Amino acid sequence: MSPAGEPGVIPAPLIIAAPEFPFFVRIYPMTKIVERKILSLSEIDLADDRLKITDPVLTDSFKASVRDVGILQPPAVVRRGKRWILVSGWKRISACRELGVTSVPVCVLDAPRDIQAFLWAVGENLAVRELSILEKAKVLARLRKFGLPASEILEKIMPMLGIPGRKTYLDLHLAIDRLSPEAKHMIIAKNLPIAVVQMLSVFSRRDLEALLPLLRPFGQNKQREFLEDLSEIARRRRVTPRQILGNPEIAAILSNDRWPAVQKSERVRASVKRMRHPRLTAWETEFGTALKKLGWPEDIGLEPSPFFEDDRMTVTFSFKTADEFRRRVDRLHNLAADERIRILWRHEKKPRTPRV
Amino acid sequence: MRKNRGRPGSRNPYRPERVLIDVRSLDDSLTRKVLAKLGDVPRDIIRNPGEKKAALAEIKNAPDPLSAGKKILWLTVQRGKFVKACPCTPGYVGCNYVTINLNLQCPLDCSYCILQGYLSEPWVTLYTNIKDLWSELDEFLDRRKGRYLRVGTGELGDSLALDHLTGLSAEFFSYFRRRPEVDFELKTKTVNIDCLLEIEPPKNAVVSWSLNTEAMAQAEESGAPSVARRLKAARALAARGYRLGFHFDPLIRHYGWKRGYAAVISALFKNVPASRIAWISLGALRFPHSLKKVIEERFPKTHILSGEFVLGKDRKLRYFRPERNDLFETVAWLIKRTGEGANVPLYLCMESPELWRDVMGWTPKGKRSVQESLSLRR
């Protein structure tokens with residue numbers, strides 16, 4: 001319903017302004033607005049999304065704005081045969097449809113080639129916001145599809161999108177665009193940083209199918225760690241991540257119906273970690289066993305140096321009273337007097353002759 | 001077939017495709033010498049920071065800026081210090097080494113090279129204001145007069161890769177002949193030794209080669225000569241009367257590594273009399289996390305990243321301690337078991353006191369004690 005009370009008619013636009021994009025004007029000087037008109041929504045072929053950059057999320061506040069204020073910036077359209085197709089303004093048009101509006105003001109572009117119109121859409125979006133990783137990936141993939149040479153993409157388009165103009169980054173974004181819808185959904189939902197997205201992009205679709213459910217419960221750091229562990233093991237054993245996840249230990253975890261998804265993910269993560277660091281895991285296990293043998297008290301912490309890199313160890317304990325303090329110190333004193341304490345430094349070893 | 005054209009160690013030593021000359025370097029005699037040797041190689045004078053930025057941008061936009069940079073020689077002036085105490089790495093034992101940084105980047109292309117992630121400019125840089133170097137060295141060494149020091153080039157670039165263009169080895173030797181308390185070391189993977197063969201070797205000069213297994217040299221040290229050729233060059237210098245050094249750095253765990261290192265060490269002692277070896281160092285593969293991505297991108301087929309790496313005290317990725325221990329212990333044993341090899345001074349590069357104790361049987365009190373242990377054989 002329009003404020004004027006006439007159903008199906010959008011309020012008169014307050015401003016109709018053509019955006020100016022000097023960069024694109026330089027590349028495609030012929031792209032310009034040739035006409036402003038009112039089009040019936042039924043005349044626009046919304047099924048043709050070849051120039052669409054994003055899938056907009058339509059919010060109530062946006063709809064309210066269109067209803068109450070109108071469309072300040074008319075969507076851009078181009079003629080293709082007998083049809084009009086949308087260049088920009090997908091969200092505005094969606095809002096109009098939901099509001100029951102039947103006609104909208106549009107800018108008609110003179111852009112006989114799709115690439116011209118697409119670049120217009122890119123420019124219009126960039127004028128008001130930064131594009132997401134997925135949108136940037138889509139822009140680059142489309143431009144390649146439209147036939148823009150890689151050199152021009154590297155030199156002119158990527159810097160403008162805020163991406164270093166290097167081939168590796170172009171390849172990365174093209175790989176991101178090829179990701180499955182599920183992977184893309186997770187990238188958006190979890191707001192994944194480029195480093196994690198890059199790691200995902202190297203996995204095959206089939207690998208990702210196996211991986212995504214496991215990754216979903218994790219935060220970014222755990223996701224990164226998990227993916228890195230998997231990649232390392234895959235490299236070392238020359239197998240695919242899916243084959244790693246198919247190993248009996250992990251398969252048993254995944255097939256256990258008693259555990260919720262979070263617990264399964266955590267167990268698989270721990271298992272993968274053990275596979276990546278077999279010797280470190282063995283040392284950690286042995287250290288734990290040594291503590292048990294010594295009867296090390298649970299209320300006194302004992303930490304080896306990170307990754308056992310040196311022989312230093314750290315004892316921690318807390319206390320509230322002088323008696324408590326004395327008790328802890330006495331226990332430590334007894335442990336120090338125990339000859340077996342040396343087992344904590346398992347790596348203190350006798351010289352041996354290496355076998356070659 | 002490995003691409004060796006235009007690289008040191010091939011039949012044609014390093015010849016850049018283009019030379020860029022900082023306008024401030026134009027009058028330096030080293031600039032004139034290098035340009036004369038390069039003949040018709042295209043050259044451009046860079047007159048201001050804007051031109052330099054544009055030239056750098058051109059390289060950085062290349063699909064692989066590091067490879068593109070290796071084709072360009074940048075002659076410029078050193079405005080900072082040439083001479084620096086080697087910073088070693090936090091948390092590990094140093095050896096009190098002093099480095100001279102006269103050239104940056106390297107025409108060779110080793111997959112593990114730290115310079116890939118360390119230097120901001122991808123081209124091969126040569127500083128031409130060597131008069132400033134001699135005065136800086138005078139000042140540095142005079143302040144430490146009478147103290148034994150090991151000084152060397154080759155930390156940020158190969159010591160001999162450009163020697164056929166610069167002839168600097170001869171100039172360094174002339175300088176260090178007057179500094180007998182200092183051992184001066186040239187470190188290389190090339191066989192660019194023609195200049196050295198023409199010089200009477202100074203007693204305090206050491207020419208060192210970085211060695212690895214032949215498999216690793218072939219797979220991971222692109223553009224470098226085979227280990228056999230390096231050892232042949234070493235033999236020629238030993239016969240000429242030079243003292244030699246060898247650096248098994250980085251030691252890399254790979255399929256058949258024990259047999260591979262045994263073969264190299266055996267070849268080493270067959271080619272070079274142990275009495276001519278000033279020192280041998282051992283260092284295990286280590287790299288900052290940021291370098292890992294560079295290696296993966298530039299060398300997707302490499303296998304050097306598949307070990308069990310953990311984060312060291314210096315935040316670099318290193319083999320987990322027992323894996324390093326195994327590497328060092330094996331290679332040290334291989335060296336010592338070969339008769340005279342037992343008398344060759346051996347040290348670990350950037351390692352923990354615990355590894356020193358377990359492998360070498362003693363723990364250095366500090367970097368000076370490592371240095372002293374290496375001076376015993378002078």
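Colleague: In what order do the 3 strands of the open sheet in chain B stand?
Modeller: Their pairing is antiparallel, where two strands pair if DSSP finds at least two bridges between them. The model is predicted: local features need pLDDT of at least 70 and side-chain atom pairs pLDDT 80 or more, while totals for chains, interfaces and linings use all residues. Residues are numbered from 1 along each chain as its sequence is written, with chains lettered from A and ligands numbered from 1 in the order written. The order is β15-β17-β16.

Colleague: Which strands of chain B stand at the edges of that sheet?
Modeller: Strands are DSSP runs (E, at least two residues), as are helices (H or I, at least four), numbered from the N terminus. Each edge strand has a single partner, so one side of it is left without a neighbour in the sheet. These strands are β15 (286–288) and β16 (309–311).

Colleague: What angle does helix α12 of chain B make with β15(B)?
Modeller: Helix α12 (residues 289–298) packs on the sheet, touching β15 and β17 of chain B. Contact needs C-beta atoms, placed from the backbone, within 7 Å. Axes are lines fitted to C-alpha atoms, for helices over the stretch in contact, and angles run from 0 to 180 degrees between N-to-C directions. The angle is about 100°.

Colleague: How many residues of strand β11 of chain B are buried?
Modeller: Buried takes 20 or more other C-beta atoms within 10 Å of the residue's own; exposed takes 12 or fewer, and partly exposed lies in between. B:Ala205, B:Val207 and B:Trp209 point one way, B:Val206, B:Ser208 and B:Ser210 the other, and all are buried. The count is 6 of 6.

Colleague: Which residue of β13(B) stands opposite B:Val207?
Modeller: β11(B) and β13 (residues 243–251) of chain B run parallel, joined by 5 bridges. Opposite B:Val207 stands B:Leu244.

Colleague: How many charged residues does the side of chain A that touches chain B have?
Modeller: The contact takes 22 residues from chain A and 23 residues from chain B. Asp, Glu, Lys and Arg count as charged; Ala, Val, Leu, Ile, Met, Phe, Trp, Tyr, Cys and Pro as nonpolar; the others, Gly among them, as polar. Chain A's side has 7 nonpolar and 5 polar residues. Its charged residues number 10.

Definitions and conventions. Contact = placed C-beta atoms within 7 Å.
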